Amino acid sequence: VDFAKLGAIEVRPLTKIKKVSGANLHRNWVTAPHVTQHEEADITELEAFRKAMGDDAQKQGVRLTLPAFLIKAMAAALKAHPHFNTSLSADGESLVFKQYIHIGMAVDTPDGLVVPVIRNADQKGVLDLARELMTISQKARDKKLTPSEMQGGSISISSLGGIGGSFFTPIINLPEVAVLGISRATMKPVWNGKEFVPRLMLPLSLSYDHRVIDGAQGARFITDLSQMLADVRRLLL
């Protein structure tokens, strides 16, 4: 279509990130049969705890944000559900179960999204994860990430909570078999058996490769993850 015949236009080239990611996203979408499972996590207590610990974290030079807790909970969920920490073999005949837990965290940059990987997330505390997130996010915005820092993830997290929206359907980052999307938390009335009470609810959107993960496994995973976020004491078990 010659759009110039329809009115004034301006042509801008795609950024390098969008050229590369666009090809990868198309490949991932047509290769893996996607299913997306949605859930809401009650993070009322988690958010209260995060804010209560904010000053202590600040004294250590760390900004304690929700993504650090998400990574910690995700690491625990992967241990409880090892099928989510796998990749299909090249011939599609077997599953590779990973004994490590590396979690990708999507970072919004002026040129597009990049997904640096937090390695051995299960071996790090929330403050350590928050500190590493600060460092690697800044590297992403400064265009200083190396290819190795964006490879080898077990699963990825894409958080749009700072922007808005309720739910979405994230695309899997092959060869990973699942990706978690986070939307904006909102206060909602929740029935506790006697009355409606205000609770802060976090929308979760889990897309998974249906060749590897079936619906029951997907539902169990996102339910367990939701419960961990609702009560951070579960992360100590």
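Helices (H or I, at least four residues) and strands (E, at least two) are DSSP runs, numbered from the N terminus. Keep that in mind for the names on this tour.

This is a predicted model: local features need pLDDT of at least 70, side-chain atom pairs count only at pLDDT 80 or more, and totals for chains, interfaces and linings use all residues. Residues are numbered from 1 along each chain as its sequence is written, and side-chain values use heavy atoms, with hydrogens and water left out.

**Stop 1**

Select N120. It sits in the loop between β7 (117-118) and α5. Check its phi: the value is positive, about 50 degrees, although N120 is not a glycine.

**Stop 2: a cis peptide bond**

Next, select L174 and P175. A cis peptide bond joins L174 and P175, with omega at about 10 degrees. P175 belongs to the loop between β8 and β9 (178-182).

**Stop 3**

Two packed helices are described by the angle between their axes and the distance between the axes. Axes are lines fitted to C-alpha atoms, for helices over the stretch in contact, and angles run from 0 to 180 degrees between N-to-C directions.

Select residues 66-80, helix α4, and residues 126-141, helix α5. They pack at an angle of about 120 degrees, and their axes are 8 Å apart. α4 and α5 are therefore oblique to each other. (Angles under 35 degrees count as roughly parallel, over 145 as roughly antiparallel, 65 to 115 as roughly perpendicular and the rest as oblique.)

The crossing of α4 and α5 is right-handed. (A crossing is left-handed if the near helix is turned anticlockwise from the far one by less than a right angle, and right-handed if clockwise.)

Now show the side chains. From α4, P67, A68, F69, I71 and K72 make the contact; from α5, V126, L129, A130 and L133 do. (Contact means heavy atoms within 4.5 Å.) By class, the residues of this contact of α4 with α5 are eight nonpolar, no polar and one charged. (Ala, Val, Leu, Ile, Met, Phe, Trp, Tyr, Cys and Pro count as nonpolar, Asp, Glu, Lys and Arg as charged, and the others, Gly among them, as polar.)

**Stop 4: α4 against α6**

The crossing of α4 and α6 is right-handed.

Which residues of α6 make the contact? They are F221, L225, M228 and L229, and α4 brings F69, L70, A73, M74, A76, A77 and L78. The contact of α4 with α6 holds 11 nonpolar, no polar and no charged residues.

**Stop 5: the largest pocket**

Select S21, N24, L113, V114 and V115. Of the 44 residues that line the largest pocket, these lie nearest its centre. (On a 1 Å grid over the protein atoms alone, a pocket is an open set of points where a 1.4 Å probe fits, with protein on both sides within 12 Å along at least five of seven lines; lining residues have an atom within 4 Å of a point.)

The largest pocket holds about 1300 Å³ of space. (Grid points are joined across faces, edges and corners, and a volume is the space filled by probe spheres set on the points.) α1 gives the largest share of the lining of the largest pocket, nine residues.
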